Structures are given as C-alpha cells and as structure tokens.
Amino acid sequence: MKRKIIPEDIYKLAYISDPQISPDGLKVAFVKTVIDEENNNYKSNIWIKGEDKEHYKLTNGISTNNMPRWSPNGEFISFISDRNGNKQLYLIHTNGGEAEQITFMKEDISFPVWSPDGSKIAFISKIKINNKEKLEPVEIKKLKLKSDSVKGFIDTNYKNHIYVIDIISKVVTKITPDDFYLFEPEWHQIFNPSWSNDGKYLSFTSQIQDEYDRDKNPWKADIFVVSSEGGIPKAIKKDIGPALKPIWTIDDKSIIYIGHLNKYFRVTSLKLCKVALEDGKAEILSDEFDRTLEDFTVHDSGMGYSDSYPKLSMDGNKVYFLASDFGKVNLFSLSLKTKEVKRVIGGKRRIFGFTLNKEKNKIAFSFSTVDNPGDIAIFDLNTEKEIRLTDVNKDFLNSVNISIPEEISYVSKDDMRQYGWIMKPIGFQEGKKYPCVLEIHGGPYTQYGWTFFFEFQLLAAQGYVVIYCNPRGSRGYGQKLSYAEINNYGGLDYDDIMKFTDRALECGYIDPERLAVTGGSYGGYMTNWIISHTNRFKVAVTQRCISNWMTMYAMSDTGYFMVKEMLLGKELEDLIELWKISPLAYVKDINTPLLILHSEKDMRCPIEQSEQLYISLKSLDKEVEMVRFPESNHGLSRNGIPSLRLARLKYIVDYINKYIVKK
C-alpha cells in the first residue's frame, strides 16, 4: 500500500539536470544528483541513456561531477569535477574507463565549450590579483558590495578570464588580456562563452561598462567577440539592457542572444534578440511574442545547472528556445524569416533544459510535472515523436500518495484574469471540510506552475488543502500582468491574493476558520502584509521575509535598485512611501501567531528584516517565534544544507499543526 509523504522523504529524491544529446542522436548524457545523508551534502554523477538501452553510470564517487559535454565526434565526454579539490576539467571515453584530469588551474573552472572541430575546449577561470596573507582592512568603493550567491561581501581580488585548452598538447592559453578590465573587477565579469562556427572567434557576455553605469544598472551586460587565439575583445552590443547566452548565426555575421532593452526595468520580459557584428545594430526578434523567455518557475525539487541556450536549426532559419507560459515552461521555435513563433514541445510541465542535434533533428530535454520531480526525454522534430528515457524517482513515487493540483481562475479587482491551483489533501472525502494553507511565491517576478513541489505534497499529506496562485507581478502571463506590480506593493497584489483565496473557498471543501498562510522572499513580505491587514488566517509562517523597505534598500544585495524600480525610479526621497508599504509599520495590528524562518547569510533579504519584525512583535507580547539557519543563504529551501532543509520543513509543519485543529 502507498503511504503519506513525510519530511524525511526529501532525502529520497533524485534530481536530473543538463541533458546533452550525443552527436549520433541516439544517447543522452545527463547529471543525476542525490543527497549524501552521511556527509550532509550532495553528490552528482554523469549517466548515459540511449533510446533502446539501459542507462549506465559514467562517473562514480561522492564528489560533484557535472556539465558533461560530448566531443564533436562522440568519442569523449568532458566534464567538471571537484574529486581532487577544486573544480577542474576531465575527459572520459564514452564507453567508460578512467577519467583524465586535463586542467590544473589554481581556481575553479566553469562553462566548458568544445570547439567545432573538437580540437580545443574553451572555459572560464579566475586569476587572483593579490595574495593577501594576513587580515587587512576591506576598502569599499562600489555601490554593489555583496551578493547572496557568495553569502557575503564580493571578493574583488579576482578577475574572470576565458581560457582555451588544446586537447592533444594540453596547453592552456589565456584568451582575454589582463588589462581588459578598466576598473576594479566584480565577481561575475565574463560568462557564456560561445564558439563561432569557423572556430576563429569566441563570443561572450560581460558586465564591462563605465563604473557609474554598472553600479546603477547591474542587469546590463554587453556582448564581446575575441579571437580564439587571444587578443583584445571587441564590444558588439552596447545598449542599456542585458545580454545572455549568445550563439552565432550560421554565417558568423550575427549573434543571437536573450535580452531586452530595459523598458520596464527588471520586470521587462526577456526576448530573443540579434545583433550584427559589422555595425552593432541590434533587433528584437520575438517582440510580438508576449511571454518571457527562460524558466521562471518556483520549485523546491530540482538541482544542478541545465543548458538552456537558444539553439539554431541546421539550415539556420529557426531558433529554438524556452519560455514561461501560463504556469508551463515549453519549448518554442522562431522563424528568422517571418518572426513567427510556434510551440514545439508543449504539455502541462516545466521544461528546464534542452540540447539540439542539428544533423539528426532531435532534441533532448529535462522536464518536471506536478507528480514527477524530473526526467529526461528525446523529441524527434521530424516525426514529432517523444520518447521518455528515464524514470529516476519511480520507486519513491510508486510508494507514496501524490496530490494532483487542479487549475482555477479568478478575476482581479481591475478585471485581470489570473490563475492558481488547488491541491486536495491525501485521503480527501467528499462532504468534509479541510484546513487550508495558502502558499505565496517569491520574486514577485517568478511563477508557480506545473512542476513538482515537495513542500506542497508534504502539507497535503498532513491533511491540508494547499492553494497557490500567480497574482500580478508574476511571469508567464505577458508583460502587462508582470508590470502591474510596479508601484502596487501591498495594494492590488494583496487584493489579488485575497480574491484568489475567496475563489478557492467557493470549491466548498475548505474550512474558512482554519486557514494558514506562508511564503518566502516576496512571499514572506506578502505573508507579513496579509497578517498585518487581516485576521482571517489562524497561523502564519514567514520565510526569508521583508518587513521594512527602508532598511531593505541599503541592506539587500539588490535592494538599492530593486526598491528604486519598485517605486518607478524614486529613491531615498520617498522614505515615507517605503514606510507605508512596510509591514513593520502595522506591527501593532498583527494578531496572528507567527513563525519566522530566516537564513543567517541571506544577502537578498537580510536577516535583519526578520529581526526587526521579531523584536517588535515580542516587545508587544505577540505570539511569535524565530528560527535562524546557520551557513545558509536565500536558497535554503532549494539547495541548502540537507539537514537544514529537513529541519525547515519540520518547523513549518509543526508550527501550523500547533494552531490548526484537525477534525
């Protein structure tokens, strides 16, 4: 018999990522990551699966082995591993055997890319500028001074550079010159290297700008081209928007990339763009396609890097790409001649990585559904036939009960059609009323969608109806809905979520007297806002939250520009406006028992946000508790230390159970 999911089941999940289709189109290399419970961390290894063969493990051990890349002739796979210390490049024969370490850089390497002829691999690594052997004062001169991804201050003691290694001689050549940087470097200066089809050049994106502009517009990134033998990079695209994941057109005269012109700040939908090398003239190719490119789906059951670069067809006339669409992430194509966009691989699922074999016209992709954390499939573009290759969580999923969400819609106060989901509790019985947990996603410029969410399944197993929606500000529903959140924090977004809650209650099996609310990041902000403006919820859990926008402005790694964008370009002169939309201003009105969860090294929503809320509530003798997670950042629920991820889930369940009476 199947059983209910328990918190400890998080240790049983396997995570699939980075599907790489072979040159013969018959096999896919991918990464499988699992939790190493004994060592309280993660281990990942590379597997290969063919359409008609059992999958086999290419690497072994408890180290991290990822980013597999086939050699053009299919004989070898390169990959990155930390088995001997820091992350280095290895080669292994596709039939197995011992892997050979081929780079010995002092620092980690990333973004390996084979040259078209298979003779070289380009990659990125860092150079340390100064070898400091003692504690020294830290000089801060830049506006952007810390980052959540590094859990603290940005180390400006390194420079990123592109290198190329010759596969035969193993000689490594530094491609970008030392003096390429015009001022003190940041932690993320060069990324996304891409070979031209003739192998003579490498394109890459970089945040090299004038110093003032970079600090004021951290999303800006330009495209550069450099000789594959080394030299001075040439700036190709220089405008106010970002440029991500560049690929070359088949004639090597233009570069296609993902970006936008910053029309609506970071809320601007990502588009497919093209820039000509000769004159730097850029154009938006997918302007009529009112969806944002890339996967913006919130989840807690995926791990590892997945290739999601745009891909060009064999004849160079089509570009394949991922886009977020009504809670789904599907694969689309765009005709470079007509600009027509078509859905190629659809379905109520989240596609989060893909690669294309141009010669065989096949696509390998990784996907997740509401009842499956992730697997790999191959899609034949000629026959439109799809073959699922893996079922890595089969044993676990066959042993537990899964709740399948149902989509519901509602109309906002200003007549915008919006969508959400409702999950019935495990063991649901008609005619019975159930307690309910409202979940609110972060961002807010992300989306909930058709993907597996362990936390939701756990709550359903505890006997709760789980409801979640995509209010204004969410991705996947067009530019208008995303932009509608600007200058509306705590206003129409609150109304959206309350209207959705009312819509869910119309289903008839939710007890309105037993409601709980929780969310993280923006969802934590909205949880705080909700309980400071209504008493309809019996208990709340706020996670990595925002309580005071005035201090958020200066304390967050993104606050100085996020707050400005949120208020349509206004800054510190509008402190009174920031206070009006801060839950802390209404702390006396909070009567809902509250659990506060926060990571110690969260730089996105710093822990001081929770400390202010906790101290204020505690001093007023309100029912509040706080839990702090050491050595953890904003991504605790997704990729944090396994034991702390488990502890977080238990705290959520136990606190809600404490205040919600089961009948």
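Modeller: Let us begin with two helices: the axes of helix H3 (residues 454–461) and helix H12 (residues 642–659) come within 11 Å and cross at roughly 35 degrees. Axes are lines fitted to C-alpha atoms, for helices over the stretch in contact, and angles run from 0 to 180 degrees between N-to-C directions. Helices (H or I, at least four residues) and strands (E, at least two) are DSSP runs, numbered from the N terminus. This is a predicted model, in which local features need pLDDT of at least 70 and side-chain atom pairs count only at pLDDT 80 or more, while totals for chains, interfaces and linings use all residues. Residues are numbered from 1 along each chain as its sequence is written, and side-chain values use heavy atoms, with hydrogens and water left out.

Biologist: Which residues in H3 meet residues in H12?

Modeller: Contact means heavy atoms within 4.5 Å. On the H3 side are Phe454, Glu455, Leu458 and Leu459, and they meet Arg648, Leu649, Ile652, Val653 and Ile656 of H12.

Biologist: How should I read a nonpolar core?

Modeller: In soluble globular proteins, nonpolar side chains tend to be buried together. A nonpolar core is a set of buried Ala, Val, Leu, Ile, Met, Phe, Trp, Tyr and Cys residues joined through side-chain atoms within 4.5 Å. Buried means under 20% relative accessible area, exposed over 50%, and partly exposed in between (1.4 Å probe, protein chains only). Here the largest nonpolar core has 51 residues, and Leu438, Ile530 and Trp549 have the most contacts inside it. Helix H6 (residues 522–531) gives the largest share of this core, six residues.

Biologist: How many residues of H6 are buried?

Modeller: Ten of the ten are buried, so H6 is largely enclosed by the rest of the structure. One of them is Ile530, which touches residues including Leu438, Tyr494 and Phe537.

Biologist: How does one read the backbone angles?

Modeller: Most residues other than glycine have a negative phi, and most peptide bonds are trans. In this model, a cis peptide bond joins Gly443 and Pro444, with omega about 0 degrees. Pro444 is found in the loop between strand S35 (434–440) and H3. Phe111, in strand S9 (residues 109–114), has a positive phi near 50 degrees.

Biologist: Is Asp252 buried or exposed?

Modeller: Asp252 is buried, with a relative accessible area of 15%. Its phi is positive, about 60 degrees, although Asp252 is not a glycine. Asp252 sits in the loop between strand S19 (243–248) and strand S20 (254–259).

Terms used:
Lists of a residue's contacts leave out its neighbours within four places in sequence.
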